[in-house]
Amino acid sequence: MDRAQKEKVVEELGQIFESSGVVVVARYDGMTVAQMQDLRAEMRSVGGSVRVAKNRLAKIALDGKPCESIGKLLTGMTVLTYSEDPVAAAKIADAYAKKNDKFVILGGAMGNTALDPAGVKAVASMPSREELIASIVACIGAPAANIAGAIGAPASNIAGILSTLEEREAA
């Protein structure tokens, strides 16, 4: 890799570290290509990504970034999983670590906050952005549904009474 390519990689990693809601660092010793592709596919399904980069270049890219604290985790064979959603990458990484013992979470960062493996698990247990939006919409929509039901109920009661009266007249 020549100097220009290294500068490009450092710039790309810098963008990742700045724009990601969460970055999880994990060790992937002994994982097969198929297992890594499976992890990438799972991460893509939630809008996240997986990146393997040279630790030295990643440490250079971390300089001055909010998640600079993860630099000490970058030793050996490490992989970065990240997403804009502050929970998605942690959720997938945690679930993948449970089913693949060769994928070991070392820690991560959520903005300025450094996360140890237990912190990543705690973030993974939180509801994702989509789940939060769905629950808020449900809370907002429930009173509207109740109002619509209350308004529609008298009309259906009147319609029921009228149909009963028509049946009596016909009999």
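Biologist: Reading along the sequence, what pattern does the protein chain follow?
Modeller: This is a predicted model, where local features need pLDDT of at least 70, side-chain atom pairs count only at pLDDT 80 or more, and totals for chains, interfaces and linings use all residues. Residues are numbered from 1 along each chain as its sequence is written, and side-chain values use heavy atoms, leaving out hydrogens and water. DSSP runs, numbered from the N terminus, give the helices (H or I, at least four residues) and strands (E, at least two), and here they come to 6 helices and 5 strands. Along the protein chain, these elements spell out α-β-α-β-α-β-α-β-β-α-α.

Biologist: In what order do the 5 strands sit in the open sheet?
Modeller: Strands count as paired if DSSP finds at least two bridges between them. The pairing here is antiparallel. β2 (48–51) and β5 (113–115) have a single partner strand each, so one side of each lacks a neighbour in the sheet. With those two at the edges, the order is β2-β3-β1-β4-β5.

Biologist: And by how much does the sheet twist, on average, from one strand to the next?
Modeller: Angles run from 0 to 180 degrees between N-to-C directions, with axes fitted to C-alpha atoms, for helices over the stretch in contact. From one strand to the next, the twist averages 15°.

Biologist: Let's zoom in on β1. Which residue of β4 stands opposite Val25?
Modeller: β1 (residues 22–27) is mostly covered, with 5 of its 6 residues buried (under 20% relative accessible area, using a 1.4 Å probe and protein chains only). β1 runs antiparallel to β3 (residues 78–83), joined by 6 bridges, and Val25 has Leu80 as its bridge partner there. Another 5 bridges join β1 to β4 (residues 104–110), also antiparallel. In β4, the residue opposite Val25 is Gly107.

Biologist: At what angle do helices α1 and α3 pack?
Modeller: Two packed helices are described by the angle between their axes and the distance between the axes. For α1 (residues 3–19) and α3 (residues 55–62), the axes are 8 Å apart and the angle is about 55°.

Biologist: Which strands does α1 lie across?
Modeller: One handle on this is direction: α1 runs at about 145° to β2. The strands it lies across are β1, β2 and β3.

Biologist: What is the crossing angle of α4 and α5?
Modeller: The axes of α4 (residues 88–99) and α5 (residues 117–125) come within 8 Å and cross at roughly 115°. That makes α4 roughly perpendicular to α5. The contact includes Ala90 and Asp94 of α4, and Val120 and Ala124 of α5. So the angle, which gives the roughly perpendicular label, is roughly 115°.

Biologist: Finally, how much of the protein chain is buried?
Modeller: The protein chain exposes about 10,000 Å², with carbon and sulfur atoms supplying 59% of it (by the Shrake-Rupley method, with a 1.4 Å probe). Of the 171 residues, the buried share is 36%.

Definitions and conventions: Buried means under 20% relative accessible area, exposed over 50%, partly exposed in between (1.4 Å probe, protein chains only). Angles under 35 degrees count as roughly parallel, over 145 as roughly antiparallel, 65 to 115 as roughly perpendicular and the rest as oblique. Contact means heavy atoms within 4.5 Å.
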